[in-house]
Amino acid sequence: MGDILAGQVAVVTGASGGLGAHFAKVLAAAGAKVALTARRLDLVEAHAGEIAAAGGEAMALKLDVADAAAIGPALDEVEAALGPISILVSNAGVGGEGLALDLSIEEWDRTFDVNVRGVFFGAQQAARRMIASGVAERGDARIVNIASIASHTVLPGLSAYCASKASVAMLTRSLAREWARKGVAVNAICPGYIETDINSDWFKTEGGQKQLKGFPRRRLMEAEDLDASLLMLCGPAARAITGTVITIDDGQSLPGGG
Ligand code: NAP
């Protein structure tokens, strides 16, 4: 992968497993120093250890993004250890499950606290630091929000999740516009289905298998399928890319069955 991110400092939220742990490893392999954050510290520590064993530089930090007030101090800790932050991958997310007729207030709030408030205040806190440190002026400031095909496609039974991910897409564009001249690029990736803890139970069910068979390529994606877009958005080639919401979904959200 070379070292296109050499000298960059990246923070990944929700890096205790699934896509976040993978993203952290991809960024580290491209030369970035990476801070892996999530609520389960033992798991982020293990992934940071794997990065270090592979010759990369990584640190692990406990961070619950639903606790918006905790985000700034966590980013300060990262900057003290690794240097000025230039990349934030806002990946932490929850599934927001429940049919609309049954969905509890608590589940709605949990979904939006993590998926939307966490993304907004993560971006705010990161952008403040990127501007103050001169990273933004240098042209290296990148925020990548992990949205979903749910940002623009109805996933039946997931109204809270879909609404939260549509918010992430619009937040991405709004923040990109507001910070365009300040030099902070804000983009989003909308992945299709990749098997992780967030959905593995679903794909074991008959309904899940039926959904999978309805995808144009009759398969789930792999985390690696997102590498090219992640590296592009975080790297120097993205100078003119901001406010872009990229769908990488193996065609899953294309209309028409069969
Ligand atoms: P996952 O395996 O369930 O991972 C979710 C991650 O988010 C975990 O590391 C979890 O860590 C973290 N998280 C949850 N609540 C958090 C909180 N309050 N504060 C900090 N971290 C929190 O699911 P995933 O598939 O990797 O999902 C990653 C992102 O991709 C999510 O935003 C998801 O919506 C999005 N996405 C996934 C798919 C897919 O098919 N897998 C498709 C489109 C979009 P802790 O529990 O340790 O905090």
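Modeller: Ser 16, Arg 39, Tyr 161, Ile 194 and Thr 196 come nearest among the 31 residues around the ligand, where a residue is near if one of its heavy atoms lies within 4 Å. This is a predicted model, in which local features need pLDDT of at least 70 and side-chain atom pairs count only at pLDDT 80 or more, while totals for chains, interfaces and linings use all residues. Residues are numbered from 1 along each chain as its sequence is written, and side-chain values use heavy atoms, with hydrogens and water left out.

By class, the shell comprises 16 nonpolar, ten polar and five charged residues; nonpolar covers Ala, Val, Leu, Ile, Met, Phe, Trp, Tyr, Cys and Pro, charged covers Asp, Glu, Lys and Arg, and the others, Gly among them, are polar.

In the side chain of Tyr 161, an N or O atom is 2.6 Å from an oxygen atom of the ligand. For Asp 64, a polar side-chain atom lies 2.8 Å from a ligand nitrogen atom, and for Lys 165 a side-chain N or O atom is 2.9 Å from an oxygen atom of the ligand. The protein buries 95% of the 870 Å² that the ligand exposes when taken alone, as computed by the Shrake-Rupley method with a 1.4 Å probe.

Definitions and conventions
A polar contact is a pair of N or O atoms within 3.5 Å; within protein, one must be able to donate a hydrogen and the other to accept it, and residues adjacent in sequence count only if both atoms are side-chain atoms.
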